[in-house]
Each structure stands twice: as C-alpha cells, then as structure tokens.
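Student: I have not looked at this structure before. Please take me through its charged residues by question and answer.

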Amino acid sequence: MKKSSFISVIPQEEKGKNRGSVEFQVFNFTNKIRRLTSHLELHRKDYLSQRGLRKILGKRQRLLAYLSKKNRVRYKELIGQLNIREPKSR
C-alpha cells in the first residue's frame, strides 16, 4: 500500500490544536476513505470494509453539509484542498 498518496494537506502546527475542527475531521475521513478504497480494489469481496467505507462516506457528507451551511467560504476552500467533488443538490 502506498502511504505517499496520503500526504497531509493541513499544516503540522494546525494539526496539534484543532483535532475537533470540522476541517480536520473531514481531512481524517478523506484519508480513511482513500485508504479503504485502495484496499477494496485488491479485496473486492470484503463486505465489512465496504460497509465501513459507506459509514465513513455518510459521516463526511454530513460534516460537509454542516460546514456548507455554517461557512461557505471555508467549505469551498476545504473541497478545493482535498480535491473532493461537491454533492449534487436536490
């Protein structure tokens, strides 16, 4: 597994003090999602990991929805940094 593809986008000094921030949580979920996705490419029938991936995706989606309501500028910055697509609006 390549760890180099999960290089942190958030600076080190920010990591220590802001672990509860929405940005840090979304960043963590994104790393987990990328790690699980690469795992599932090798192990297609690992249904437990698929379930975990769906749960993390849902959590990240809810956090991003919260952030987009509270602070649209920070939301746009975060999506740009992490290279995530915006969810389709209903």
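Tutor: Begin with E23, which is buried at a relative accessible area of 19%, where buried means under 20%, exposed over 50% and partly exposed in between (1.4 Å probe, protein chains only). This is a predicted model, in which local features need pLDDT of at least 70, side-chain atom pairs count only at pLDDT 80 or more, and totals for chains, interfaces and linings use all residues. Residues are numbered from 1 along each chain as its sequence is written, and side-chain values use heavy atoms, leaving out hydrogens and water.

Student: With which residue does E23 form a salt bridge?

Tutor: A salt bridge needs a side-chain nitrogen of Lys or Arg within 4 Å of a carboxyl oxygen of Asp or Glu. By this rule the count is one. The closest N and O atoms are 2.5 Å apart, and the partner of E23 is R74.

Student: How many residues apart in sequence are the parts that this pair ties together?

Tutor: E23 lies in helix 2, and R74 lies in helix 4 (residues 72-82). Helices here are DSSP runs (H or I, at least four residues), numbered from the N terminus. The pair therefore ties together parts whose separation in sequence is 51 residues.

Student: Is R74 buried, exposed or partly exposed?

Tutor: The relative accessibility of R74 is 34%. That value makes R74 count as partly exposed.

Student: What is the relative accessibility of K55?

Tutor: K55 is placed in helix 3. K55 counts as partly exposed, because its relative accessibility is 46%.

How values were computed
Helix = DSSP H or I, 4+ residues; strand = E, 2+ residues; numbered from the N terminus.
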